[in-house]
Amino acid sequence: MAEEHRRGLRRLIPAPQGAGPSPGTGGIEAAEARGLGARIHDILHANAVIGPAIVLLLAILVFSITADRFLEPRNLSLIVQQVMVVGTLGVAQTLIILTAGIDLSVGAIMVLSSIVMAKLSADSGVPGLLALLIGFGVGTACGLINGLLVTRLRLPPFIVTLGTLNVFFALNLYYSKSETIRGVDMPDLLLWTGNTFNLGDTKITYGSLLMLGLYGVIAYALSSTAWGRHVYAVGDDAEAARLSGVRTNRVVLSVYVLAGLICAVAGWFLIGRIASASPQAGGTANLDSITAVVIGGTSLFGGRGLVVGTLFGALIVGVLRNGLTQSGVDVLWQDFAVGILIIVAVAIDQWIRKVKA
Amino acid sequence: MNETTPILQARGLVKRYGHVVALGGADFELYPGEILAVIGDNGAGKSTLIKCLSGATVPDEGEIELDGQPVQMRNPLEARAMGIETVYQTLAVSPSLDIASNLFLGREPRAPGLMGTVLRRLDKRKMRDEARRHMTELGILTIQNIGQQVESLSGGQRQGVAVARAAAFGSRLVILDEPTAALGVKESGKVLELIARVRDNGLPVILISHNMPHVFEVADRIHIQRLGRRVAVVTPKTHTMNEAVAIMTGATEAGVHGYEQVVHDAERHDAKGTADTLQQLDQ
């Protein structure tokens, strides 16, 4: 048939020679020489992690001068341990914020999962591994509930997770009877994330190593799989993504489910970190995780950012708090400094997002 | 031309929204190798018509045939699987993704071997190379920029990416909804050139536009929609813009100047006959 013939030909016929990248074809011109501000804008626009990386290096540099013991391996190891839980929650929060959502329930999911793990094994005699897996299951189920409410009922993520924050936290109080479960009653597996091994003189917890591994896995998934592209596309412009053939609801749901699982993993780390399971733990974890994401250069408006930025963000907060303490500064100035950082980070993000004319 | 089967044909499409009849028995044909413009005043049913043809809406009544075979498209994905690609007016691309990612969005190729099947790794090189080839084929890109974020492109260039995507994956036809609506004069010109090149490369195009000069510059035939039906099919060679607008707005009733004959010819797939009839009428 003629049309089939034509269709076949389409692949073979080159574009008309005369009409190549001529003046009328919209070839992309190289960026012209521009001012310094514009060039910085371009660099930050192309790579949003450069900012947080520079801030982290600067902070380390300053504190290594103002506090003698700051650079000691022991102290650096402590910072990483302190960052372990929030850093892990930050991975979950990054995924959600990349889809232009927000999750206020990450802390509640984490605590609920940790209590389930601890109580099942300590009180009900469930073996450690099974208790751990059930805890992961609880976190995943919480994420599924969030995801279904967001994708099926089309409620704003802020409202959904504000609601589930309270629901999950109440369930946690109910199940735990508001009692802390001691580490000595738990199997070793649940406490294992707080155990350390020696690397030279430095003690490193298995939990911090797992956290870094988690960052690696999620960074790979975001940068190198179709799913990762879809997460960005959905956060960028959900309707455009849908019309491009991305199953947006499925992507968003998968992100909330995965975030729930990661929160449960953070719950496991939390038990190792505080060597117990407390229903009141992690009260500031929600906002801390959002802080790490924002300082790490991920845009609250979705579609822009890197998970490794969140690691930098969490480390910046950790370094700042630790360094200020080491330098003998009153604790209240830590909050002051973190607050300023958040505002600066978002202001920079707004500036970066401005697309050049 | 007489024996050519339309690539896409619709007969008696009806679509009601409550009491509102958006389409009241509309017909439609698209032939191989042509740019068919669809024009119509607001409320004439051209959006609904296009939604029916792109799978975004299912008509209440009527038939759609693709290459002479009756088809049912329940959603845009099914239409796409049949080789119908649509570029939507404003929602064309994902700004923060690069050009190659945008081109392959929703159908990314995986790397060969275990990297692809187990680790689900994207074949980034293939994406870049293919994207570059498609963009170069359509003459809209200098090669080194394929990794550029789409938001750093101008509006016309973004539209170019969207059109290139449709042209790259559309095996049967491409539907463009108001591709020049948001663009300046110069950029519109470039997009129109691009549309003509898509056709010249062998892919028929349905162009929905409000912009009469653009329609008359690039279209081979013009489908005029009015009050939920096709009232006429004209060509830029035989009709002036004013005449087309007159038919579109109802200032000239179809039939008065023999337009039904034109429609009749068009229905017989007889572009030349259409032109001849119109010439005779004009004399």
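This short talk walks through parts of chains A and B in a predicted model.

Let's start with chain B as a whole. It holds eleven helices and ten strands. The chain has 283 residues, and 51% of them count as buried. Now look at contacts with a separation of 6 or more. In chain B, 66% of these join residues 24 or more positions apart.

Next, one strand of chain B: β8, residues 205-208. Which way do its side chains point? B:Val205 and B:Leu207 point one way. B:Ile206 and B:Ile208 point the other way. Are these four buried or exposed? All are buried.

Who are the partners of β8(B)? Take β3 of chain B, residues 35-40. This strand pairs with β8(B) in the parallel sense, over four bridges. To find the pairing on your screen, go to B:Ala37. Its bridge partner in β8(B) is B:Leu207.

Now take β7 of chain B, residues 173-177. Four bridges join this strand to β8(B), and the two run parallel. Here, look for B:Val174. It stands opposite B:Val205 of β8(B).

How does the chain get from β7(B) to β8(B)? Through helix α7 of chain B, residues 185-200. Strand, helix and strand together make a β-α-β unit, and it is right-handed.

Over to chain A, and a helix. This is α12, residues 248-274. It has 27 residues. From first C-alpha to last, α12(A) reaches 39 Å. That is close to the 39 Å expected at 1.5 Å a residue. Is this helix mostly covered or mostly open? Mostly covered: 22 of the 27 residues in α12(A) are buried.

What follows the helix? A:Ala275 comes after α12(A). This residue is in the loop between α12 and β4 (276-277) of chain A. Its phi is positive, about 55 degrees, although A:Ala275 is not a glycine. Why does A:Ala275 count as partly exposed? Because it has 13 C-beta neighbours inside 10 Å.

One more alanine in chain A. A:Ala100 has a positive phi too, near 70 degrees, and it is also a residue other than glycine. Where is it? In the loop between α4 (73-98) and α5 (106-123) of chain A. A:Ala100 has 19 C-beta neighbours inside 10 Å, so it counts as partly exposed.

To recap: β8(B) pairs with β3(B) and with β7(B). In chain A, α12(A) is mostly covered, and A:Ala275 follows it with a positive phi. That's the tour.

Note on methods. Residues numbered from 1 in each chain as written. Chains lettered and ligands numbered in written order. Predicted model: local features only at pLDDT ≥ 70, side-chain atom pairs only at ≥ 80, totals over all residues. Buried ≥ 20, exposed ≤ 12 C-beta atoms within 10 Å, placed from the backbone. Pairing = 2+ DSSP bridges. Right-handed = clockwise from strand over helix to strand, strands pointing away. Expected span 1.5 Å × (residues − 1). Contact = placed C-beta atoms within 7 Å.
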